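Hi,

Here is the structure I promised to pass on.

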Amino acid sequence: YVRFHLISPLIQQSAENIVLFDTFVNILSHNLAEPAYEADVAQLEYKLVAGEHGLVIRVKGFNHKLPLLFQLIIDHLSDFSFTPAVFEMITEQLKKTYFNILIKPETLAKDVRLLILEHSRWSMIDKYETLMNGLSIESLSSFVKAFKSQLFVEGLVQGNFTS
């Protein structure tokens with residue numbers, strides 16, 4: 001079991017940065033779907049989660065091939081690229097996801113409660129409005145570059161691994 005949390009202070013600076021981060025993580029997951037298929041067949045699992053403060057990479061499975069899957073994820077992260085078509089597809093999916101959260105009273109109530117309790121939180125309405133106003137490909141590219149330049153890493157490795 002390998003879990004790394006790539007933390008960046010950049011994410012919580014604005015609602016736009018949070019939306020750009022969500023877009024980045026979804027495009028990264030999309031880019032990994034085909035190359036990581038063989039790992040899935042070999043019973044290795046991975047998950048990328050857009051956390052509040054950074055990207056959580058979780059990998060688990062048989063230890064002898066786990067580093068290869070982790071390396072694949074890190075390589076795609078470091079050489080991140082996307083096409084305009086993928087960008088459009090992911091932003092449309094995010095619009096639907098955000099809207100579905102907003103139309104459910106219980107999730108909207110949870111969002112409002114957390115907005116009151118947490119000091120520097122952006123509401124789902126802020127994120128949805130930012131996305132509806134439009135994102136540019138250039139803003140995503142510059143965000144990803146800035147994100148990768150301001151990272152702090154926490155990691156946990158459990159199992160049959162050497163130091």
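Ile-137 counts as partly exposed, because its relative accessibility comes out at 27%, and the cut-offs here are under 20% for buried and over 50% for exposed. You'll find Ile-137 in helix α7. Leaving aside neighbours within four places in sequence, Ile-137 is in contact with Phe-82, Pro-84 and Phe-87. Ile-137 and Thr-83 are 54 residues apart along the chain, yet their C-alpha atoms are separated by 9.1 Å. Do keep in mind as you read on that this is a predicted model.

Now for the core. The largest nonpolar core has 41 residues, and Phe-24 and Leu-55 are the ones with the most contacts inside it. Which elements supply at least two residues each? That list is β1 (2–7), α1 (15–32), β3 (54–60), α3 (66–78), α4 (84–102), α6 (124–133) and α7 (137–149). The largest share comes from α1, with 9 residues.

Not counting residues up to four places away in sequence, Leu-55 touches Phe-4, His-5, Leu-6, Phe-21, Val-25, Leu-28, Leu-48, Val-49, Leu-77 and Phe-147. One of those, Val-25, sits in helix α1. Val-25 is buried, as its relative accessible area is 4%. With neighbours within four places in sequence left out, the contacts of Val-25 are Leu-48, Ala-50 and Leu-55.

Next, α6. Its buried residues are Met-124, Lys-127, Tyr-128, Thr-130 and Leu-131. Why do they end up on the same side of α6? Because they cover an arc of only 160° around the axis. What do these buried residues of α6 pack against? The partners are α1, α4 and α5 (105–117). Just after α6, Gly-134 takes a positive phi of about 100°.

On to the largest pocket, which holds about 510 Å³ of space. There are 23 lining residues, and Glu-52, Asp-111, Arg-121, Met-124 and Lys-127 are the closest to the pocket centre. Two or more lining residues come from each of α1, α4, α5 and α6. By type, the lining divides into 10 nonpolar, 6 polar and 7 charged residues.

Is Asp-111 buried or exposed? Buried, because its relative accessible area is 6%, and buried means under 20%. Once neighbours within four places in sequence are set aside, Asp-111 is in contact with Arg-121, Ser-123 and Met-124.

One last thing to look at is Gln-43. Gln-43 has a positive phi of about 65° although it is not a glycine. Its place is in the loop between α2 (37–41) and β2 (45–50). Gln-43 counts as exposed, because its relative accessibility is 55% and the cut-off is over 50%.

Cheers

Conventions: Residues are numbered from 1 along each chain as its sequence is written. This is a predicted model: local features need pLDDT of at least 70, side-chain atom pairs count only at pLDDT 80 or more; totals for chains, interfaces and linings use all residues. Side-chain values use heavy atoms; hydrogens and water are left out. A nonpolar core is a set of buried Ala, Val, Leu, Ile, Met, Phe, Trp, Tyr and Cys residues joined through side-chain atoms within 4.5 Å. Buried means under 20% relative accessible area, exposed over 50%, partly exposed in between (1.4 Å probe, protein chains only). Helices (H or I, at least four residues) and strands (E, at least two) are DSSP runs, numbered from the N terminus. Contact means heavy atoms within 4.5 Å. The arc is that of the directions from the helix axis to the C-beta atoms. On a 1 Å grid over the protein atoms alone, a cavity is a set of points where a 1.4 Å probe fits but cannot get out, and a pocket is an open set with protein on both sides within 12 Å along at least five of seven lines; lining residues have an atom within 4 Å of a point. Grid points are joined across faces, edges and corners, and a volume is the space filled by probe spheres set on the points. Ala, Val, Leu, Ile, Met, Phe, Trp, Tyr, Cys and Pro count as nonpolar, Asp, Glu, Lys and Arg as charged, and the others, Gly among them, as polar.
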